[in-house]
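Thanks for making time. I will go through one model this morning and keep to how its parts sit against each other.

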There are 2 protein chains.
Amino acid sequence: MTLTAPAPTAVAVNPARGLVCRNCGATFGLIAEHACAECFGPLEVDYDPDLMRAVTREQIEAGPQNIWRYAPLLPTGQDPAQRVSLDPGMTPLVRAQRLGDELGFTAPLWVKDDSANPTHSFKDRVVSLAATAAKGFGYTKIACASTGNLANSVAAHAARNGLPSYVFVPSDLEPGKIVQSAVYGQALIAVDGSYDEVNRLTSELAETDEFEDAAFVNQNVRPYYAEGSKTVGYEIAEQLGWRIPAQVVIPMASGSLLTKVDKAWKELVAAGIVADTPWKVFGAQSAGCDPIATAFDNGWDVVKPVKPTGIAKSLNIGNPADGPYALDAIRRTGGSVGRVGDEEIVAGIRDLARTTGVFAETAGGVTTAVLRQLVEKGLLDPAQETVVLNTGEGLKTLDPLAPVVGPTHRVEPSLRSLRQAGLIA
Amino acid sequence: MTLTAPAPTAVAVNPARGLVCRNCGATFGLIAEHACAECFGPLEVDYDPDLMRAVTREQIEAGPQNIWRYAPLLPTGQDPAQRVSLDPGMTPLVRAQRLGDELGFTAPLWVKDDSANPTHSFKDRVVSLAATAAKGFGYTKIACASTGNLANSVAAHAARNGLPSYVFVPSDLEPGKIVQSAVYGQALIAVDGSYDEVNRLTSELAETDEFEDAAFVNQNVRPYYAEGSKTVGYEIAEQLGWRIPAQVVIPMASGSLLTKVDKAWKELVAAGIVADTPWKVFGAQSAGCDPIATAFDNGWDVVKPVKPTGIAKSLNIGNPADGPYALDAIRRTGGSVGRVGDEEIVAGIRDLARTTGVFAETAGGVTTAVLRQLVEKGLLDPAQETVVLNTGEGLKTLDPLAPVVGPTHRVEPSLRSLRQAGLIA
């Protein structure tokens with residue numbers, strides 16, 4: 001009799017073993033809750049450290065060219081057949097040589113360009129995790145309140161995967177934004193009220209009988225949703241040849257993305273996938289919504305809510321749930337926080353486009369402008385390798401640019417007119 | 001004394017050996033001309049068949065995740081350091097399960113989604129080839145006349161690579177379109193005239209002393225530019241596991257893209273990279289600009305120019321240079337041509353978005369609507385594997401959708417209002 005090894009399973013092991021409260025440390029199973037039953041603190045995925053440490057570069061590199069190559073490090077989606085996804089991720093890491101030259105960088109500067117995702121923002125990463133977890137829990141619909149990127153992504157995920165969605169938006173949203181979500185043919189509910197009122201309404205709705213089978217992607221399945229952001233960190237490290245950059249600049253809305261990139265790198269170090277080199281995490285906010293920046297400047301551990309204003313709408317979360325954790329990561333790594341006003345944001349969009357060909361939405365303008373500010377203040381070292389994140393697409397937010405960019409020349413259709421315009425002698 | 005093999009060179013061999021006239025067969029060196037000096041026929045790249053046949057799957061698979069993995073099959077760009085590129089390509093091949101189900105497909109249906117390119121259209125492929133060839137010829141600027149995708153791509157290539165560009169547009173272009181090209185900070189010349197007048201002006205300009213160092217991407221370096229479209233065909237075959245699909249539906253403007261996908265597959269077969277299975281090529285036009293469709297219907301070998309109208313502006317070329325060659329490929333393979341009106345185009349955009357989550361520009365609506373038409377007429381077999389091309393991004397052409405998509409419900413911020421709207425009982 002010959003003993004043979006069992007055939008390897010196609011499905012990776014799920015390394016998640018439960019949820020844990022970030023506040024009181026209480027542990028739970030892998031449930032669809034985002035708040036601790038003991039203390040109402042935020043729940044986070046808890047992984048089996050042995051399973052996480054067993055993951056190898058080779059295992060990841062053998063995976064698909066999207067976020068699911070990191071399935072052995074994620075809390076859902078191990079079985080390809082059970083994914084509810086647009087297969088986002090593996091977006092370009094663009095060498096920003098000309099921007100670096102302008103800012104005096106002697107070390108490489110990179111832009112991680114998440115506008116290359118299927119609906120052109122980093123939200124596809126988190127929605128793929130949330131929708132896949134939702135299906136696993138037996139939910140039969142997905143839902144969200146959003147005014148932009150999240151709405152686009154949820155509706156598109158629903159469209160491709162045949163899992164119906166309900167997207168709630170304020171009814172005074174710009175017509176273009178309405179089209180961007182409505183085109184997917186999913187339920188789009190315009191609510192005559194402010195974004196806060198829309199949010200309150202979805203919270204009430206989640207408690208009704210009709211919506212008990214709905215996963216609100218950033219509410220009841222938030223712990224899984226949030227883990228999608230780790231893939232940005234994994235990809236940066238892999239695309240650098242399995243190295244962690246010395247510095248990273250990340251835009252902050254809830255602060256979640258920043259904490260997850262930092263977490264991803266800690267996991268890669270723990271697994272021995274990358275060397276344990278030091279890194280500094282820098283946060284970027286707009287001056288119109290800067291509660292985390294204010295807390296950082298004042299040395300506070302808590303974040304005081306603000307009423308958001310300004311053009312960087314995708315970052316306008318006045319009461320950022322992950323603010324304290326973002327502050328922890330920034331302080332622990334020796335990073336800093338910058339804030340920039342609307343004019344600087346527009347200048348940031350233009351600087352990035354002009355030097356890299358990457359056309360960012362306003363959030364990318366915030367990050368680029370904050371990068372410049374941090375260098376000028378001596379807080380970020382241009383002699384150290386640096387990555388800045390662009391989280392979304394400029395085509396979605398054309399309005400702030402219309403007054404400031406335009407044709408460089410206007411001519412008649414004749415060479416004489418080109419001569420008068422100075423284009424030819 | 002020990003003999004050792006020479007170290008392999010990092011730079012692939014350029015398989016192009018010259019240009020050849022598609023009309024009279026006259027041959028030329030690798031020069032910057034697009035028209036035959038003998039007969040004014042169109043020039044095309046001529047490859048060394050032995051070098052093309054020597055290319056292997058393994059060689060390609062070892063390359064980067066962009067068009068340059070096919071450098072051994074392209075006429076420029078073998079040396080990574082000499083590329084002028086945004087590194088486009090390897091865009092997703094999306095399984096369109098739900099669309100296929102609706103149309104009665106029993107074989108797989110796929111969407112090749114080129115909206116995932118850096119500036120969100122397939123033009124990045126051809127501009128990367130043109131700009132790289134231009135640099136090789138010693139040109140110090142790139143230029144084009146365009147109203148949309150080509151303008152975006154040329155300006156973005158110039159921005160990232162520091163090779164200045166001059167983009168000429170009609171001055172009555174919509175403000176949003178102006179922003180999409182102006183943001184890159186390159187020369188953008190608004191011409192008070194029709195698109196035809198803009199084109200005539202750039203032809204005159206190309207003859208001036210000041211612009212003799214300018215490569216007009218789809219004029220003097222057109223033979224190299226056009227070869228960029230082959231990469232769509234290579235990618236489809238590779239993403240299917242090195243197979244050619246039985247049927248492909250391709251939108252037609254000049255007709256070049258269609259001929260190059262067909263050419264790419266012939267090359268892969270000749271190189272033994274894929275099996276020699278039969279394929280049918282189908283062309284898609286809008287009813288507002290259907291000269292190739294009309295020639296096909298009437299059995300003509302020549303294409304009679306039309307004056308374009310209709311919403312599919314990126315396809316509005318009334319005198320398609322590659323029309324006859326597109327007809328050849330369609331007839332040789334046993335394919336067909338479909339044409340659809342503006343209402344069907346909008347329905348096509350919505351069908352594609354609703355079933356796949358891919359938000360296409362009007363050209364993708366043309367392709368999707370033509371797919372439906374071809375199936376309904378029995379011209380395309382839903383029992384055969386089929387790929388449809390989406391060549392651009394819906395965010396660039398929101399206007400045609402605004403009148404027909406919108407919120408599905410409008411409510412007050414209360415559960416009572418949701419009840420009245422029928423969302424809950």
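This is a predicted model. I start with residues 85-392 of chain A, a span whose end C-alpha atoms lie 18 Å apart. The stretch comes from a UniProt record, an unreviewed entry, which lists residues 85-392 of chain A as "domain: Tryptophan synthase beta chain-like PALP".

Domain 1 is made of two segments, 93-120 and 226-401, and domain 2 covers 138-220. Between the C-alpha centres of domain 1 and domain 2 of chain A there are 27 Å. Six residues from domain 1 of chain A and eight residues from domain 2 of chain A take part in the contact.

Now the interface itself. How much area is buried between domain 1 and domain 2 of chain A? The figure is about 590 Å², and carbon and sulfur atoms give 35% of it. On the domain 1 side, the residues that lose the most area to domain 2 are Thr119(A), Lys313(A) and Lys396(A), which together account for 71% of what that side buries.

Lys313(A) comes up again in the salt bridges. The count between the two domains of chain A is one. In a salt bridge, the side chain of Lys313(A) meets that of Glu174(A), at 3.5 Å from N to O.

Polar contacts between domain 1 and domain 2 of chain A come to three residue pairs, both residues at pLDDT 80 or more. By class, the side of domain 1 that touches domain 2 has three polar and three charged residues, and no nonpolar ones.

Methods. Residues numbered from 1 in each chain as written. Chains lettered and ligands numbered in written order. Predicted model: local features only at pLDDT ≥ 70, side-chain atom pairs only at ≥ 80, totals over all residues. Heavy atoms only, no water. Domains from an automatic or database assignment. Contact = heavy atoms within 4.5 Å. Buried area = accessible area lost by both parts, 1.4 Å probe. Salt bridge = Lys/Arg side-chain N within 4 Å of Asp/Glu carboxyl O. Polar contact = N/O pair within 3.5 Å; in protein donor to acceptor, adjacent residues only side chain to side chain. Nonpolar A, V, L, I, M, F, W, Y, C, P; charged D, E, K, R; others polar. UniProt positions renumbered as here; feature names shortened; annotations may be inferred. Helix = DSSP H or I, 4+ residues; strand = E, 2+ residues; numbered from the N terminus.
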